Amino acid sequence: MFVNPNRMFRLASIFDFGAHKFFGNCEGEIMRWILGALVMSLLAGNMAVDQAQADDLEIPAITQSMQQFVADKEIAGAVTLVVGPESVKHVSVVGTADVAEATPLKRDTLFWIASMTKPITGACVLMLQDEGKLSVDDPISKHLPMMKHLKLADGTPANITIRHLMTHTSGMSELPRESAYTDPTLEAVAKRYAELPVLFEPGSEWRYSQTGINTAARIVEVVSGMTFDRFVEERVCQPLGMKDTAFYLTPEQHERLTKTYRVVEGDGEKPKRLEEATISVLSGGTAMNRNRFPAANGGLFSTADDYAKFCQMLLRDGRVDDEQLLSKAAVQQMRTICTGDLKTGFTPGNGWAIGCCVIREPQGVTKALTPGTFGHGGAHGT
């Protein structure tokens, strides 16, 4: 999902893919792969500007591109959707949800949206700031006393703020991949985070941090008195009518969940193919299992139509019908760079706002974009 506030129609676009390029465990390569998924959604928004004049609900170039990706075995399928503040500009569905069974994708198919969860986490933090219950400049130890023990390598205290958490500048370490999502609650996993070393002076560097985002969600729980999944449901999903967005799926929703795939390149003996992949945040379980913490960094499942409602709320400066779900000032914080001149991911020329990436200087894979375009993509091609 990316939103471009500088174009006449201010379009948001969402791409949900059923497969992804797989680059193993190299963080740098994963970042480059994720950006590739982001840029497709950005370009779709740009293509929609002229077509929207005709009020056509399908932009052929988008559909044709997705069909070619399916034919090339880059993805299993895609639901693509482009929206303006009040209306749909494009929608199309191509490919399959289950390659082996040849089950066609549908518009209401659910996807693991991975890091597209992060802007929703940012919105939750800012809702509580709107209510005066926290500030993004609060030290995290104000709300989580156990974090007072976090230290830099030289033993000095690490003065981490909520802003640092939401902009990937906290320096907090990650847990081992094999145990990162095994805790049942955010409270439990936050205790483990509090025992990890801090890698650099907060605010001095940018390093993509799952730990930081989940720590922010634990703060939401402490300040609101609600579990994070309940907060998201009651404060975001219900007001927006996002009935198919959740950390934990019902059996009926699980029936509509697409399988996730990775691309395996041909090796001379076998042709290029799609291979079913696991969803990391599930730690071997299913999306219905509740014995896992609601991963604010990337644990949500959703549909294209549901996520579009969140995008449209941002395009309307926080408004839902006649109510302000988020203040205009809060939405501005989601699209205003606050990482200064730090070199940030996922490509040169980006900056970071609260929960969102912002295009500062279009170049390379972002050269077709406008400065100020903001949003987030996710692993497995969302």
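**Close-up views of a predicted model**

Figure 1. Y193 counts as buried at 3% relative accessibility, where buried means under 20% relative accessible area, exposed over 50% and partly exposed in between (1.4 Å probe, protein chains only). The model is predicted: local features need pLDDT of at least 70, side-chain atom pairs count only at pLDDT 80 or more, and totals for chains, interfaces and linings use all residues. Residues are numbered from 1 along each chain as its sequence is written, and side-chain values use heavy atoms, with hydrogens and water left out. Y193 belongs to helix α5; helices (H or I, at least four residues) and strands (E, at least two) are DSSP runs numbered from the N terminus. Not counting residues up to four places away in sequence, Y193 touches M147, L150, M172, L175, T211, N214, T215 and F293, a contact being heavy atoms within 4.5 Å. S173 is 20 residues from Y193 along the chain, and their C-alpha atoms are separated by 7.6 Å.

**Figure 2. The largest nonpolar core.** A nonpolar core is a set of buried Ala, Val, Leu, Ile, Met, Phe, Trp, Tyr and Cys residues joined through side-chain atoms within 4.5 Å. The largest one has 82 residues, of which I120, M147, F228, F301, F310, L314 and L326 touch the most other members. Two or more residues of this core come from each of α3, α4 (162–166), α5 (186–193), α6 (210–224), α7 (228–240), α9 (304–315) and α10 (328–333). Helix α3 gives the largest share, seven residues. F310 is in contact with M1, P119, I120, A123, V236, L240, M242 and M334, leaving aside its neighbours within four places in sequence. A second, separate core has nine residues, among them A97, L105, F111 and A304.

**Figure 3. Q129 in helix α3.** Q129 lies in helix α3, which covers residues 117–130. Leaving aside neighbours within four places in sequence, the contacts of Q129 are L134, S135, V136 and Q333. A330 is 201 residues from Q129 in sequence, yet the two are 8.3 Å apart, C-alpha to C-alpha.

**Figure 4. The second largest pocket.** This pocket holds about 440 Å³ of space. Its lining has 23 residues, and those closest to the pocket centre are H254, L257, T258, K259 and T260. On a 1 Å grid over the protein atoms alone, a pocket is an open set of points where a 1.4 Å probe fits, with protein on both sides within 12 Å along at least five of seven lines; lining residues have an atom within 4 Å of a point. Grid points are joined across faces, edges and corners, and the volume is the space filled by probe spheres set on the points. At least two lining residues come from each of β5 (88–98), β6 (103–104) and α8 (251–255). The lining divides into seven nonpolar, nine polar and seven charged residues. Here Ala, Val, Leu, Ile, Met, Phe, Trp, Tyr, Cys and Pro count as nonpolar, Asp, Glu, Lys and Arg as charged, and the others, Gly among them, as polar.

Figure 5. The structure holds zero disulfides, a disulfide being a pair of cysteine sulfur atoms within 2.5 Å. For C237, the nearest cysteine sulfur is that of C124, 8.4 Å away. C237 is buried at 2% relative accessibility. For C356, the nearest cysteine sulfur is that of C357, 8.5 Å away. C356 is buried too, with a relative accessible area of 0%.
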